[in-house]
Amino acid sequence: MSSSKKFRSAKDLKVGGAVKSMTQNEFALGAGKKNIIILEELEALIPPQSEEEHQRLTESIRTEGVQEALVLWQRGNELVLVDGHNRYRICKNLGITDYPTQTKQFADIEAVKDYMISLQLSRRNLTKNQASYLRGLQYNREKKKVGENQHTTPNSGENILFPPQKTADAIAEKYGMSHMTIKRDEQYALGIELIGEYDLSFKRSLLSGQAKANKSAIQKLHKAENIKEAVQQVIAPAPVRKPKTSTFQKKKNQFMALMKAFEEDSNAEDRALLRARFEELVGE
């Protein structure tokens with residue numbers, strides 16, 4: 001069979017119990033799986049799954065196999081995992097060794113990051129915070145490219161996704177929102193990255209929705225004078241002190257308790273006198 005021959009139908013190829021239709025020169029079953037490596041800086045771009053999502057994917061792979069090929073980057077003798085981190089780990093945990101893979105070529109690791117961010121943003125299962133984080137990363141990266149290449153010609157070879165003079169507007173138009181939202185997304189993404197530098201676990205918990213934090217406080221992190229202190233305040237905010245009960249409130253509570261007692265065991269005259277005294281106190 002030639003390397004370009006296509007599998008004629010979904011029945012032509014089974015992968016770990018799953019059925020795939022694909023081109024042989026694009027995909028391989030667990031190709032080079034022993035050489036697959038995971039780079040932390042790339043995996044950090046993958047929004048973490050919730051426990052429920054992880055369980056659903058695990059069950060799907062267990063019963064139907066891997067439905068979507070893992071994307072790999074051929075870097076020298078290494079196969080770097082670009083997309084499919086969750087699928088790959090689940091396969092390892094389940095002892096599945098045959099799964100579809102697709103090898104792509106990238107100029108460098110920065111091109112890989114651009115591809116990963118765009119790919120994640122094309123998926124529909126993102127939470128609002130995950131989408132905000134990824135849009136912010138994309139805008140920040142594109143903005144830097146524009147700054148670095150503002151005096152170069154359009155055919156210089158740099159992979160700029162949006163027009164240099166309208167980066168925020170172009171991204172905003174693509175996702176159907178205002179350019180100010182994109183800029184706030186960038187502030188949020190920068191804040192999330194700072195949190196990750198101090199506590200990677202908390203960053204992942206925030207993006208998965210398992211942890212909560214004030215979004216406005218996160219957006220202000222990159223401008224804080226003391227970054228470490230500001231990050232710690234987001235991670236473990238100081239408890240809000242309850243205001244002390246005023247003297248008036250204490251007296252009011254005491255009178256209310258007395259009134260309740262008199263309501264239950266007193267005559268009408270006593271109750272009238274007590275209410276009059278309470279009104280005097282209120283007027284003081």
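These notebook entries record what I looked up in the predicted model above.

**Entry 1. Conventions**

I number residues from 1 along each chain as its sequence is written, and side-chain values use heavy atoms, with hydrogens and water left out.

**Entry 2. The chain as a whole**

I counted twelve helices and seven strands in the chain. Helices (H or I, at least four residues) and strands (E, at least two) are DSSP runs, numbered from the N terminus. Of the 284 residues, 37% count as buried. Buried stands for under 20% relative accessible area, exposed for over 50%, and partly exposed for values in between (1.4 Å probe, protein chains only).

I noted an accessible surface of about 17,700 Å² for the chain, 49% of it belonging to carbon and sulfur atoms. These areas come from the Shrake-Rupley method with a 1.4 Å probe; for residues, only the protein chains shown count as cover. I then turned to contacts (heavy atoms within 4.5 Å). Among those with a separation of 6 or more, 65% are between residues 24 or more positions apart.

**Entry 3. Salt bridges**

I searched the whole structure for salt bridges and found 16. The criterion is a side-chain nitrogen of Lys or Arg within 4 Å of a carboxyl oxygen of Asp or Glu. Side chains of opposite charge can pair when their charged atoms come close.

Which residue forms a salt bridge with Glu110? I found Arg141, with the closest N and O atoms 2.8 Å apart. This pair links distant parts of the chain, Arg141 lying in helix H5 (residues 128–148) and Glu110 in helix H4 (residues 109–121), 31 residues apart. Arg141 counts as buried at 18% relative accessibility, while Glu110 is partly exposed at 36%.

I also recorded a salt bridge between the side chains of Arg141 and Asp114, again with an N to O distance of 2.8 Å. Here too distant parts of the chain are linked, with Arg141 in H5 and Asp114 in H4, 27 residues apart. Both Arg141 and Asp114 are buried.

A further salt bridge joins Lys203 and Glu193, whose closest N and O atoms are 2.8 Å apart. Lys203 is in helix H8 (residues 200–208) and Glu193 in helix H7 (residues 179–198), ten residues apart. I noted Lys203 as buried, at 5% relative accessible area, and Glu193 as partly exposed, at 28%. Elsewhere, salt bridges with shared partners join Glu41, Glu110, Lys113, Asp114, Arg141, Glu142 and Lys145 into one network.

**Entry 4. Arg87**

I located Arg87 in helix H3 (residues 85–94). Is Arg87 buried or exposed? At 10% relative accessibility, Arg87 counts as buried. A polar atom of the Arg87 side chain lies 3.1 Å from the backbone oxygen of Ala69. Leaving aside neighbours within four places in sequence, I listed the contacts of Arg87 as Leu57, Ile61, Val66, Glu68, Ala69, Leu70 and Arg123.

**Entry 5**

I examined strand E6 (residues 78–83), which holds Leu79. Five of the six residues of E6 are buried, so the strand is largely enclosed by the rest of the structure. Leu79 itself is buried at 9% relative accessibility.

Strands pair if DSSP finds at least two bridges between them. Strand E4 (residues 36–37) pairs with E6 in the parallel sense over two bridges, and Leu79 is the bridge partner of Ile36. The C-alpha atoms of Leu79 and Ile38 are separated by 8.8 Å, although the residues are 41 apart along the chain.

Strand E5 (residues 70–75) runs antiparallel to E6, and five bridges join the two. One of the bridge pairs is Arg75 with Glu78. The hairpin of E5 and E6 has two residues between the strands, and I noted a positive phi near 65° at Gly76.

I checked helix H2 (residues 51–64): its 14 residues reach 20 Å from first C-alpha to last, close to the 20 Å expected at 1.5 Å a residue. The expected span is 1.5 Å times one less than the number of residues. Just after H2, Gly65 takes a positive phi of about 85°.

In helix H6 (residues 167–175), I found Thr167, Ala168, Ala170, Ile171 and Ala172 buried. Gly176 follows H6 with a positive phi near 70°.

Definitions and conventions. Predicted model: local features only at pLDDT ≥ 70, side-chain atom pairs only at ≥ 80, totals over all residues. Polar contact = N/O pair within 3.5 Å; in protein donor to acceptor, adjacent residues only side chain to side chain.
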